[in-house]
Each structure stands twice: as C-alpha cells, then as structure tokens.
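Please look through the model below with these notes beside you.

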Amino acid sequence: MPKQKISREDALAFHLEPTPGKWEVTATVPMTTQRDLSLAYSPGVAVPCEDIAANPGLAYDYTNKGNLVAVISNGTAVLGLGNLGALGSKPVMEGKSVLFKRFADVNSIDLELDTEDPDEFINAVRLMGPTFGGINLEDIKAPECFIIEQQLKEQMDIPVFHDDQHGTAVICAAGLLNALQISGKKIEDVKIVVNGAGAAGIACIELIKVMGAKHDNCILCDTKGVIYQGREQGMNQWKSAHAANTESRTLAEAMDGADVFLGVSAKGAVTQDMVASMGKNAVIFAMANPDPEITPEEAHAVREDVIVATGRSDYPNQVNNVLGFPYLFRGALDIHARAINDEMKIACAEALAKLAREDVPDEVAMAYGTKLTFGRDYIIPTPFDPRLIYVIPPAVAKAGMDTGVARRPIIDMEAYEASLKSRMDPTASILRGLNARARQNQARMIFAEGDDPRVLRAAVQYQRSGMGHALVVGREDDVKAKLTAEGMADAMDELEIVNAANTPHLAQYKSFLYERLQRQGFDRHDVHRLAARDRHVFAALMLEHGHGDGLVTGATRKSAHVMQRINMVFDASAEHGAVGVTALLHKGRIVLIGDTLVHEWPDENDLATIAERSADVARHLGLEPRVAFVSFSTFGYPRSERAEKMHQAPKVLEERGVDFEFEGEMTVDVALNTSAQKNYPFSRLTGPANILVVPARHSASISTKLMQEMAGATVIGPILAGIDQSIQICSTVSTVNDIVNMAVLAACKVG
C-alpha cells in the first residue's frame with residue numbers, strides 16, 4: 001500500500017477534533033432513574049463490595065477488572081523520539097489504549113507516571129493492581145524496563161507485559177518460523193545475528209532461544225559491535241547473558257555466513273555487502289522504525305533469494321505489534337490469567353505463523369488491493385485479517401490453561417471462539433475496504449466547494465492519504481488564504497484549483513448546458529451565469545465531460561438546492577430512478593436507510609426501486625442485502641391506508657424476481673431483532689435486516705438524524721445511487737472526516 005503523507009496539521013487536528021484526545025468513558029448500565037443510581041452507587045453497590053471482600057475472585061464478575069488493561073509509561077523512550085517525559089508520552093499511550101479496543105475489544109486506560117526512579121514506578125503500578133486485569137508497559141528505556149517488568153511480574157498476580165520487548169519478539173518469531181520453512185531451514189541449525197541490544201533486541205533473542213535456537217548460533221550486537229564473551233565495554237547483566245563465544249567483533253563480521261538477521265537498531269545499519277555475505281536463502285528482518293536497517297529494494301538488488309520483513313506498512317511482511325498484544329491480552333483476560341508466560345507468547349507466534357499459511361479471505365485481499373498468498377512476500381498475517389480475533393486468543397488461552405496460570409479455565413472452546421467472533425466490528429472492515437479500493441482506483445475527485453475550509457482540508461486529506469488526485473473548484477487567491485488560515489499553506493502546491501477563468505472547456509460546458517436547458521426557460525445568459533458562477537453546476541459539468549472521476553458537494557448548501565443544480569446536468573431525479581441511501585454505523589452494526597434524498601412520497605413501485613438501489617449500495621459495501629419495508633404495522637396489523645403501500649412493495653419485488661432477501665411490512669424492532677422475528681416463522685429474512693426502506697423522505701430524514709443526535713451513530717450519506725456518474729452529496733453539518741468518507745464512496749463508485 002502507498003506510503004501516506006501525514007502533515008503536522010493533520011496530526012494535530014486528528015487529536016483535537018471532535019473532542020481533545022482519542023477516547024472517552026461511557027456507562028454500560030442505565031443511569032437515568034433514582035433506582036438506577038441507587039443500584040450503581042449507594043446503597044446497592046454495598047452488596048457486590050461485601051461479596052468481593054469475602055471472595056476477591058468475584059471482582060471479575062461484578063466489576064470491569066476482567067476486561068481492563070492499564071497502558072503505563074514514564075515516557076523515557078517514546079517511539080523513536082527519546083525521553084519526552086510522562087506527559088509527552090500521553091498521546092502514544094492513548095493510541096495504544098484505542099488499539100486494544102479496536103482490535104480485541106479490550107477496555108484500556110492510559111496512565112503516565114512522572115518518575116524515572118524504577119522503585120517509585122514499580123511501587124505505583126503495584127498499588128494499582130486491584131483495579132486492572134493486566135498491565136501493558138510501554139516506552140520505558142532500557143535497562144530500567146527490564147528491572148521494572150521483572151519486579152512487577154514477581155510482585156503482582158495479573159499479567160505484566162512490556163510490549164516494546166515481547167510484542168516485537170512474538171511477531172518476529174511468527175515471521176521467522178515461516179521464513180525458515182520457506183528457506184528449508186530449522187531454527188536449531190541456523191546462525192542468527194541480532195542487531196540492537198535494547199528492550200526489543202534482547203526480548204527477540206531470548207524468545208527465539210526458548211523456541212529452539214542454540215545459544216552458540218546466536219550473536220547479539222550493539223552500537224559497539226558484537227557482544228562476545230570477555231567484552232567489558234558497555235555491558236550489563238542482560239547483554240552478558242547473551243555474550244557469544246565468537247571471533248567476530250563487528251556486525252559485518254558477524255553477518256558473514258549468517259542465515260538470519262534481526263534488526264531493531266537504526267536506519268542504514270546493514271549494507272549491501274553484508275547482505276551479499278549471508279548464507280543462501282537468507283532471512284532479513286530490518287525492523288528499525290521509521291526507516292529499516294536496509295530497504296527491501298536494496299537487499300533484493302544484491303540477492304534475489306533473501307526474504308525481507310520490515311516494520312513498515314508500505315512494504316510486504318510488516319512486523320507490527322498490533323498483531324500480538326491485543327490478542328495476547330484478550331486470551332489472558334478471558335482465563336483470568338495470573339501472568340503471560342513464554343508458553344503463551346510461543347502459542348501466539350505459532351498461531352500467527354499458521355494463519356499466514358492458510359488461504360487469505362477475499363475481504364483482506366480487497367482491503368490490500370492484491371491477492372495475498374503464503375510465500376516470500378507474505379509470511380506474517382496482515383493487521384486487518386478478521387480471523388485474528390478468534391484464532392489467536394484461543395491459542396493463548398489454551399497455553400495459559402495448560403501451564404497453570406488460568407484462574408478460570410475455558411470449558412467450551414467452540415463457544416469461546418463464537419463469542420470472540422461476535423466482538424468483531426464489521427463496520428471497521430467495510431470502511432477499511434472502501435479506503436483500499438479508493439487508493440487502488442486513484443480517482444480524480446472534484447470538490448465543488450473550495451470556499452469552505454472543511455472541504456479544503458478534506459481535499460488535502462484525500463490526496464495525502466493516497467486516495468487519488470483532488471480537484472478543487474474555487475478562486476486561487478481565496479483557496480490560498482483559507483489554506484493559510486488553516487495552517488496548511490504548503491498544500492496549495494499539491495491541489496489542483498479549477499474555475500471558469502482557468503479552464504479551457506468553458507465554451508464546451510455552456511454549449512452542453514444550453515442544449516439541455518433551452519426548453520426549460522433558460523436563455524444563453526442564464527446558462528453562462530450557471531456554468532461560470534455556480535460551483536455545483538460547474539463541477540457537475542466537469543464530471544459530465546470526463547474532467548474528473550467523481551464529485552463531492554453539498555457541504556455549504558441544502559441538499560434540495562444541490563440536487564436541483566445537479567439535475568441541470570444529469571438525470572438525477574426520482575423519475576429517472578435516482579435514490580438517496582444513508583448508512584448508519586453504530587456499535588458494530590451497519591444499517592442502510594432509503595430514501596433519504598430524492599423521493600418525497602414514494603408509491604409501492606418507487607419503494608421497490610429504492611430497495612433495489614439500496615441493495616446495490618449494500619453489495620458495494622460488502623454486505624449481503626436483507627431488506628425490510630418498515631412501518632408502524634407488521635404483516636398487515638394494524639391495517640391502515642398509510643401502511644398499504646409498504647404492504648404492497650414486497651409484492652412488486654416478487655414480480656421483479658430480485659436476488660436478495662426482503663420482507664415487510666414490519667416495525668423497526670421486528671426488522672432489526674432476531675428474537676422478535678421468531679414470532680413470524682414465515683418471514684423470508686434469515687437474520688436482522690441491514691436495509692430499511694421507509695415510507696417517505698421525511699421519515700427517513702427523521703430516523704437518521706435522530707440516530708445521529710441521540711445515539712451517536714456515525715452517518716455516511718446520503719449516498720446518491722441510480723445515476724450514471726459518481727456523485728455524493730454531503731450534509732451542511734458534515735465534518736472533514738464525513739466529507740472524506742463521501743469522497744471515498746465516490747471514488748469507489750458506490751451507488
């Protein structure tokens with residue numbers, strides 16, 4: 001996937017909007033009535049308090065302890081930035097917390113401790129032990145990180161895991177197992193060189209030795225060269241444990257004849273001469289970030305037989321910690337583990353290695369824009385493989401049970417795997433797939449409202465994210481002034497600014513528009529004014545004449561006005577089968593609502609058309625359509641003239657012979673609730689509906705806006721479907737991210 005350009009302004013805006021930071025706390029119980037409050041706090045809370053005091057294990061049943069991890073740092077080794085201090089590390093720790101939630105549904109809170117004294121740090125974390133089910137240590141410099149982790153492991157009865165050490169080691173081990181299989185070698189036979197003797201490097205060498213690598217075959221190097229027996233300079237007890245009996249003194253000498261190189265050091269540490277000196281079918285894991293010890297291009301220029309992995313997402317075989325730590329903790333938490341031991345880490349590595357050897361789901365291939373097959377360029381699963389959540393935690397949990405660290409073993413492993421699948425958020429994979437398709441399509445996207453700062457920021461984000469080329473309709477001086485005000489003056493050189501004054505096609509546009517509108521009361525003066533001065537019409541004319549691949553508009557004017565302007569150029573009316581479909585994303589579910597844009601009061605035939613268009617949109621999003629025609633009645637009761645068309649619409653679809661599930665009329669709770677559907681065994685729906693066709697545009701608008709404002713649903717749309725060109729209309733309250741999402745939909749030609 002292409003490397004994306006992230007500007008300073010993009011990064012700061014992401015952390016600032018819509019609210020500062022990356023996570024918030026929400027209640028999981030009702031907190032509305034006096035009774036609710038009495039149960040949540042006093043006097044009702046006294047009951048579980050007394051029970052937990054008598055039996056501490058009940059804390060896993062009556063509190064969030066069993067699904068709560070603390071991400072803790074003192075900021076002494078933040079990413080590659082060095083010692084930024086506790087407060088400077090907070091954005092990273094917040095990010096780690098949301099990764100726990102996003103990938104494994106583990107609740108997490110970040111804690112930044114303002115001390116560099118290991119004893120103070122250890123004592124602070126130890127005293128917080130009753131709160132959490134696990135501790136994830138992060139960005140603590142060596143050698144203090146070794147001392148802190150070891151003592152906390154000894155003093156606490158919950159998992160303590162330093163991800164900078166063991167997370168990297170686990171993913172590295174998984175990739176190494178597969179790389180050695182491809183190269184036809186065994187771990188106990190190969191010569192391994194590890195460059196970097198900090199937290200990650202020492203963890204890597206320790207884990208691969210536990211997995212079978214021989215001490216005498218492993219050479220550890222640091223900035224001063226090989227760590228050999230008898231060396232005194234720059235040594236400590238952790239390095240000394242891996243001192244090798246070797247004559248090699250430099251990295252270059254150690255690399256001669258090596259089968260494996262594992263780098264957690266610095267850019268450029270490995271030369272092409274070093275690669276050339278390695279053994280046949282050598283394995284190179286150049287994991288330094290943000291730039292590897294040697295790039296895959298440089299390595300392959302010397303040797304075609306090498307297998308290369310890096311820490312970068314824009315190269316094959318990314319060693320990414322997110323493949324490990326969320327699922328390690330998921331499995332550990334689910335058995336109420338006392339620790340994460342070596343056996344659990346090895347189980348994670350072996351499960352990851354095995355997963356990479358299996359067929360890759362189509363949705364993953366779609367997300368990455370290529371078919372992934374086990375081999376030299378695919379030895380590690382991708383971070384967005386949906387199977388990770390239900391493959392890795394069971395392996396970790398089983399290893400924990402087998403080694404006696406589980407307080408509450410899992411009895412029914414099949415049921416456990418099924419429960420893990422239910423934790424997946426399908427909306428995330430849908431949006432990720434759309435973004436990947438957009439990057440593959442590289443559409444020239446027309447942003448019609450270049451006088452709005454939100455639109456300009458969205459256009460910049462679209463282009464810098466590698467989606468395609470942004471064409472902004474606006475005056476150059478105005479666009480420049482607004483970008484400068486937003487702190488993005490440098491983006492002026494990236495965007496293409498288009499207007500009536502600088503296009504060579506204006507005469508062509510006006511001629512086309514006059515031919516369409518001359519019998520609708522528009523003279524040439526009217527047409528000139530529309531084509532030259534109305535940005536919505538001008539942008540639509542650009543699209544019609546192939547001077548762009550998609551169009552995003554509507555952020556500054558009401559949708560009815562925008563639709564009226566677009567209809568001057570395209571046949572985008574109800575009479576021509578156009579439909580507006582809005583996607584609602586909420587708590588891991590996605591539901592489409594139609595029609596939210598075009599049909600004011602559709603009849604049963606219109607409703608059937610809306611269903612068909614909505615089904616097309618659903619399939620573009622990767623959903624198998626299940627349509628419900630919703631009303632205040634269910635299957636004819638209570639009878640009402642108002643509900644009659646909803647009763648007749650399914651019959652129209654029957655006559656048309658469509659190839660998707662549909663049913664109706666029914667109330668919304670029946671449409672969306674599987675248990676409610678059991679009362680109607682004759683229903684054709686095999687599960688909850690994901691498309692709701694509503695009686696009229698006003699009810700569609702009320703439904704979507706109510707869900708957005710009251711439930712906090714993410715709203716994408718309305719998606720304009722049923723016309724020949726790819727046009728998406730935003731709402732006037734759209735955020736920058738909303739506008740980008742609409743551009744992505746247009747780029748993917750959803751609709």
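1. Within what distance do the axes of helix α9 and helix α10 come, and at roughly what angle do they cross? The axes of α9 (residues 163–183) and α10 (residues 199–210) come within 8 Å and cross at roughly 50°; here axes are lines fitted to C-alpha atoms, for helices over the stretch in contact, and angles run from 0 to 180 degrees between N-to-C directions. That angle makes α9 oblique to α10, since angles under 35 degrees count as roughly parallel, over 145 as roughly antiparallel, 65 to 115 as roughly perpendicular and the rest as oblique.

2. Before going further, please keep in mind that this is a predicted model, in which local features need pLDDT of at least 70 and side-chain atom pairs count only at pLDDT 80 or more, while totals for chains, interfaces and linings use all residues. Residues are numbered from 1 along each chain as its sequence is written, and side-chain values use heavy atoms, with hydrogens and water left out. Helices (H or I, at least four residues) and strands (E, at least two) are DSSP runs, numbered from the N terminus.

3. The crossing of α9 and α10 is right-handed, a term used if the near helix is turned clockwise from the far one by less than a right angle, with left-handed used if anticlockwise.

4. The contact includes Leu 99, Phe 100 and Phe 103 of α6, together with Phe 325, Tyr 327 and Phe 329 of α15. α6 passes α15 in a right-handed crossing.

5. The strands deserve attention too, as 4 of them form an open sheet in the order β2-β1-β3-β4, with parallel pairing; two strands pair if DSSP finds at least two bridges between them. The edge strands, each pairing on one side only, are β2 (107–112) and β4 (160–162), and the twist averages 25° from one strand to the next. Between β1 (residues 68–73) and β3 (residues 134–137) there are 4 bridges.

Key: Contact = heavy atoms within 4.5 Å.
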